[in-house]
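Good morning, and thank you for making time for this item.

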Amino acid sequence: MKNKFLLSVSGLNITLEKGSKTLTIVRDLSFSIRQGDILGLIGESGSGKSLTALSIMGLLPNKNFRVTGDIVFNGVNLNQLNKKNRRKYLGNEISMIFQEPMTSLNPLVQVGKQISEPLKIHQSLNDKQAYSSVIKAMGLAELPNPEAIYNYYPHQLSGGLRQRVMIAMALVCTPKLLIADEPTTALDVVVQKEILTSIKKISKELNISVLFISHDLRVIKSICNDIAVLYAGSLMEYGKCTHVFSKPQNEYTKALLLSIPKPEQKGKLLDAIPGIVPPTGHIFSGCPFSPRCKQVKDICKYKMPDFHSENENHFYACHKEEESGERKNT
Amino acid sequence: MKYIFTKLLMSVGVLIVISILVFATFQILPGDPVNVILGTNSTPERVEQLTKQLSLDKPLYERYLLLIQGIFRGDLGVSIKYQMPVSQILSSRLPVTITLAVMSLIFIVSISYLMGLIAGKNYDNIVGKCIVGICNFFTAVPSYFLCILMIIIFSLILKVFQTGSFIAYSDSPLGYFTYFILPAFSIAIPNSAMLIKFLSGSIYDQSKQEYIRTARSKGASEMRVLIHHNVKNALIPAVTMLGMIIADILCGSIVVEQIFNIPGIGRLLITSIGARDFPMLQILSMFIAAVVVIINFTVDIIFKLIDPRVRIE
């Protein structure tokens with residue numbers, strides 16, 4: 001952790017006020033991304049990973065969401081900026097790719113013009129001045145024949161091409177951070193692989209950091225340097241991908257890794273995690289995973305575990321070490 | 001281009017069917033035009049002469065063809081009540097209705113665009129709810145009541161506009177256009193109310209779409225998101241409604257023309273019905289049908305222009 005962090009999120013809490021109730025969706029989440037690194041944020045549906053991404057962008061859909069904690073980007077705490085100043089970062093230094101390429105583009109505007117919009121907003125260029133940058137971005141996103149596709153409307157493109165248009169749109173102002181919210185979930189497997197390769201290549205060539213959100217461990221494993229495992233809004237395990245995958249410490253991470261189908265287990269039952277994900281905003285007194293954990297102890301049910309470090313690049317939240325007395329602090 | 005051609009062909013087909021239907025309807029209607037013109041006390045010779053003059057002795061299909069030929073030659077027949085060529089009457093009435101329609105349309109478009117935007121942006125708070133509530137009120141108020149209310153307030157109490165005696169364009173162009181302000185407003189209010197409700201709902205629906213979030217993620221200001229992305233998509237269904245409103249106004253706002261004493265198509269229609277002026281009514285019915293078909297055709301073309309996804313099946 002010697003390098004300076006491009007983005008560090010610390011103590012992030014997202015709550016939703018619903019009538020008189022306050023639901024906590026993400027609690028005390030902290031992670032950091034270095035320049036040029038890819039961090040994978042993984043979790044089941046409803047674990048708050050997409051909302052975490054939107055809170056970094058400041059684009060939470062409802063006024064009733066409250067975000068507390070620090071979101072420090074390049075030395076600036078975004079969470080303390082007003083809307084207008086925050087917008088200067090969006091599409092410019094931080095950009096985002098969404099899950100659904102079919103509905104994320106404006107159906108009435110030519111894709112070339114949609115790609116050039118960040119340039120119009122942040123650099124006040126017109127379509128003509130932006131043209132060469134747009135074509136360049138389309139090339140980076142590996143869109144075939146950019147000059148022709150420039151004039152296409154979204155409905156004339158396939159899902160994979162639309163997602164590449166989204167990537168071109170995100171790259172057009174050469175951002176420092178790219179947030180990809182399940183960019184391959186809606187695509188078929190072949191296209192998925194191509195898009196992942198593109199994202200990895202772009203990150204490497206342009207030294208762009210990526211926050212990659214997914215519920216697919218294999219996808220994360222194939223492109224990320226670091227991984228953060230989220231369960232019901234709490235961070236369970238965080239560290240270098242190689243460490244986490246080879247020596248998972250948290251019971252949830254272990255269970256997740258076990259639940260991946262492997263060829264040598266053919267014919268046997270899959271190790272699915274028993275139980276279901278708690279509903280969004282469920283109030284926990286202890287570890288959120290304790291009701292489904294096979295190694296659950298009494299302490300798990302009433303006390304949220306502290307973070308332990310396996311080594312300097314690998315942290316996890318679990319009570320298992322505490323009983324044997326070798327408690328470590330981060 | 002193929003799209004326009006197909007639509008055009010369809011419109012012509014509809015027009016032909018309508019002209020046959022209108023013609024047939026007037027043959028079935030009770031009441032003989034000859035009796036209407038001559039009254040009951042007339043000689044058989046006179047009746048026979050007039051029947052011949054009006055070509056009523058010819059077979060139906062021949063009379064239909066004569067009518068269509070006449071329309072293409074600009075000969076629309078002679079009005080029974082006015083004893084004047086129908087074309088001459090129409091050419092004096094049409095400009096009046098068109099002026100009224102254009103002025104109402106300017107009001108409708110500007111009021112509903114502005115208010116629709118405000119209401120759509122504030123759809124789930126008090127401002128939007130108030131605007132929609134007021135719109136509900138004005139859609140429910142009958143138009144004759146609104147007209148009378150306008151006359152009482154602006155003409156009798158405030159004395160801003162003069163109503164009652166129509167000012168011809170030849171007398172005073174300024175007076176002519178000023179005269180239309182109140183009636184145009186009376187037409188615009190209920191129609192705008194409908195359109196505002198529709199547009200604001202459409203804007204609200206579109207604001208939930210994902211491309212709006214994409215636009216925000218590019219750093220677009222709320223205003224830019226609204227104008228460049230949201231409204232553009234929301235306008236598509238509203239254009240259909242606007243087309244219906246335009247057709248409605250062009251066919252003469254019967255109540256408004258009657259109350260404000262405007263010699264337009266609407267009043268002509270009422271008088272012709274009262275006088276059983278069959279040649280006049282036949283042409284007016286076809287005119288109204290043609291206006292609706294032409295407006296629908298135009299709306300289809302506009303659709304094609306704003307929505308690249310529109311294709312003909």
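A contact, throughout this talk, means heavy atoms within 4.5 Å. With that in place, in chain A residues 24 or more positions apart account for 62% of the contacts with a separation of 6 or more. In chain B, 72% of the contacts between residues at least 6 apart in sequence join residues at least 24 apart.

Two remarks on the source. This is a predicted model, in which local features need pLDDT of at least 70 and side-chain atom pairs count only at pLDDT 80 or more, while totals for chains, interfaces and linings use all residues. Residues are numbered from 1 along each chain as its sequence is written, chains are lettered from A and ligands numbered from 1 in the order in which they are written, and side-chain values use heavy atoms, with hydrogens and water left out.

Let me take chain A. Helices (H or I, at least four residues) and strands (E, at least two) are DSSP runs, numbered from the N terminus. On that basis chain A holds twelve helices and twelve strands. Its C-alpha trace spans about 65 × 50 × 45 Å along the principal axes. The radius of gyration is taken over C-alpha atoms, and the globule rule is 2.2 Å times the number of residues to the power 0.38. For the 330 residues of chain A, that rule puts a compact globule near 20 Å, and the value of 21 Å agrees.

For burial, the cut-offs are these: buried means under 20% relative accessible area, exposed over 50%, and partly exposed in between, with a 1.4 Å probe and protein chains only. Buried residues make up 52% of the 330 residues in chain A. Accessible areas come from the Shrake-Rupley method with a 1.4 Å probe, and for residues only the protein chains shown count as cover. Chain A exposes about 15,100 Å², and carbon and sulfur atoms supply 52% of that area.

How does chain B compare in its make-up? Chain B has 13 helices and zero strands. Its C-alpha atoms fill a box of roughly 85 × 55 × 35 Å along the principal axes. Of its 313 residues, 42% count as buried. The accessible surface of chain B comes to about 16,500 Å², with 69% belonging to carbon and sulfur atoms.

One element of chain B deserves attention, namely helix 5, residues 86-121. The expected span of a helix is 1.5 Å times one less than its number of residues. Helix 5 of chain B has 36 residues and reaches 50 Å from its first C-alpha to its last, close to the 52 Å expected. Where does this helix kink? The bend at a residue is the angle between axes fitted to the seven residues ending there and the seven starting there. In helix 5 of chain B, a kink of about 25 degrees lies at R93(B), shortly before the proline P95(B).

Staying in chain B, T178(B) is found in helix 8, residues 173-207. T178(B) is partly exposed, with a relative accessible area of 32%. A polar contact is a pair of N or O atoms within 3.5 Å; within protein, one must be able to donate a hydrogen and the other to accept it, and residues adjacent in sequence count only if both atoms are side-chain atoms. The side chain of T178(B) reaches the backbone oxygen of L174(B) at 2.3 Å.

Next, E117(A), in helix 3 of chain A, residues 111-123. E117(A) is buried at 4% relative accessible area. Leaving out residues up to four places away in sequence, E117(A) touches K218(B), A220(B), R224(B) and H229(B).

S209(A) lies in strand 8 of chain A, residues 209-214, and is buried at 0% relative accessibility. The side chain of S209(A) reaches the backbone nitrogen of G36(A) at 3.0 Å.

Finally, two backbone angles. Most residues other than glycine have a negative phi. N74(A), however, has a phi near 55 degrees, in the loop between strand 4 (65-73) and strand 5 (76-77) of chain A. E182(A) has a positive phi of about 45 degrees and sits in the loop between strand 7 (177-181) and helix 7 (189-206). N74(A) is partly exposed at 30%, whereas E182(A) is buried at 6%.
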